[in-house]
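This briefing is meant to be read with the model open beside it. Please look through the structure below, and then follow the points topic by topic.

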Amino acid sequence: MQRRKFLRTAGVGGATAAAAGALAAPAVAQSMPEVKWRMASSFPKSLDTIYGAGEYFAKRVAALTDNKFQIRVFAAGEIVPGLQVVDAVQNETVECGHTAAYYYVGKDPTFAFDTALPFGLNTRQHNAWVYFGGGLELMREFYKEYKLVSFLMSHTGAQMGGWWRKEIKTPEDMKGVKMRIGGFAGQVMAKLGVVPQQIAGGDIYPALEKGTIDAAEWVGPYDDQKLGFNKVAPYYYYPGWWEGCAALSLYCGEKAYEALPPMYKEAIAVASGDTVSWSVAKYDAQNPRALRELVAAGTKFLPFPQSVMEACFSAANELYAETIAKNPKFKKVYDSWKPFRGEEVLWFRVAENTFDNFMARQSAANKL
């Protein structure tokens, strides 16, 4: 009986509801303020995934706010150099920035946790720590000193071990090598005799070409091919043990963020989460073909020798112990991060790695 009554009145009720919606939607839209932000990116426009993540994020924010909240993205160097994004947000030169947190370990090594630490978490493990392991809360507490509000906004996935002018057979071969390597990993490399250089993405190729540096790591095959590193360095190593993932952050200036309506704050949270998924999927889809093309073009594709991996692992643990002893902020985050890493690695050994390794063997046997 109730169902028949509903059907008889649906036409009138539906029309009334539609009319009300037609009136209500513009009223809601009109009540939303127009807000225009500028985002400084650490990356060049030529990289359509790592830089493009900022543009994708801005489009999602606009779509979620009926185009009332507009964010314009500026590539590295257009407003500030790529390695000064945090400073630009902190100084209110721009309202927000998209960057790799570990570029700023010179301010405090604790920044590194938001991007990657050597022999740390992979992409899924990092997301788990951020969202369910207390990582987001710990980092936001740390960022209060810098008047920043942080969001996980994109990922590259596990990275490569970079481009080298000479073959690396033992840890001794690394001594004296001038290498572009970002963040905390540079300090690990220094323990092995490498001379680390912090250089923005767009400046790496000329430095490698001119011999100012002898090696450089960036992201992975898709981006590295675009930047042409294979033309100036023959050896391409893997894995990038310093970046089992590379999470990239959105930093909003605290003052600008707190002035936003709740709906716009939610749009930032939703859009940043969307961009994380978009960026990982895009890199995973693009890297295999790029790697095949690099190898076909003559790139010498090699794994780091086990002796090198072991030496780097020992150096990383030595650096962690030194940093914990003198930096209580780093220690506070590390004390959350390290046990979480242990649990995640144990779980992945059981399920993910067992499956992945089986599939890898099938691939090696040309059964896929």
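With a relative accessibility of 2%, His-126 counts as buried, and this residue belongs to helix H4. The model is a predicted one, and in it the protein chain has 13 helices and 11 strands.

**The chain as a whole**

- The C-alpha trace of the protein chain, taken along its principal axes, spans about 80 × 55 × 40 Å.
- The protein chain has 368 residues, of which 49% count as buried.
- If we take the contacts in the protein chain that have a separation of 6 or more, 77% of them are between residues 24 or more positions apart.

- Once residues up to four places away in sequence are set aside, His-126 touches Phe-113, Asp-114, Thr-115, Leu-121, Leu-152, His-155, Cys-245 and Ala-247.
- Tyr-131 also lies in helix H4, but Tyr-131 counts as partly exposed because its relative accessibility is 40%, a value between the 20% limit for buried and the 50% limit for exposed.
- Tyr-131 is in contact with Leu-152 and Val-276, when its neighbours within four places in sequence are left aside.
- Tyr-131 and Met-160 are 29 residues apart along the chain, and their C-alpha atoms are separated by 26 Å.

**How H4 packs on H12**

- Two packed helices are described by the angle between their axes together with the distance between those axes.
- Helix H4, which covers residues 123-132, packs with helix H12, which covers residues 328-350, at an angle of about 135°, and their axes are 10 Å apart.
- This angle makes H4 oblique to H12, and the crossing in which H4 passes H12 is right-handed.
- On the H4 side the contact is made by Arg-124, Gln-125, Ala-128 and Trp-129, while on the H12 side it is made by Val-333, Ser-336, Trp-337, Phe-340, Glu-344, Val-345 and Phe-348.
- The residues in this contact of H4 with H12 divide into seven nonpolar, two polar and two charged.

**How H5 packs on H12**

- Helix H5, made of residues 135-143, has an axis that comes within 10 Å of the axis of H12, and the two cross at roughly 170°.
- H5 and H12 are therefore roughly antiparallel to each other, since an angle over 145 degrees counts as such.
- In this contact, Leu-138, Met-139, Glu-141 and Phe-142 of H5 meet Lys-329, Lys-332, Val-333 and Ser-336 of H12, and these residues divide into four nonpolar, one polar and three charged.

- Helix H11, residues 306-326, has 21 residues and reaches 31 Å from its first C-alpha to its last, which is close to the 30 Å expected at 1.5 Å a residue.
- The buried residues of H11 are Val-308, Met-309, Ala-311, Cys-312, Ala-315, Ala-316, Leu-319, Tyr-320, Thr-323 and Ile-324, and what covers them includes helix H6 (184-191) and H12.
- Helix H13, residues 352-364, has 13 residues that should span 18 Å at 1.5 Å a residue, and this agrees with its end C-alpha atoms, which are 18 Å apart.

Methods
Residues are numbered from 1 along each chain as its sequence is written. This is a predicted model: local features need pLDDT of at least 70, side-chain atom pairs count only at pLDDT 80 or more; totals for chains, interfaces and linings use all residues. Side-chain values use heavy atoms; hydrogens and water are left out. Axes are lines fitted to C-alpha atoms, for helices over the stretch in contact, and angles run from 0 to 180 degrees between N-to-C directions. Helices (H or I, at least four residues) and strands (E, at least two) are DSSP runs, numbered from the N terminus. Angles under 35 degrees count as roughly parallel, over 145 as roughly antiparallel, 65 to 115 as roughly perpendicular and the rest as oblique. A crossing is left-handed if the near helix is turned anticlockwise from the far one by less than a right angle, and right-handed if clockwise. Contact means heavy atoms within 4.5 Å. Ala, Val, Leu, Ile, Met, Phe, Trp, Tyr, Cys and Pro count as nonpolar, Asp, Glu, Lys and Arg as charged, and the others, Gly among them, as polar. The expected span of a helix is 1.5 Å times one less than its number of residues. Buried means under 20% relative accessible area, exposed over 50%, partly exposed in between (1.4 Å probe, protein chains only).
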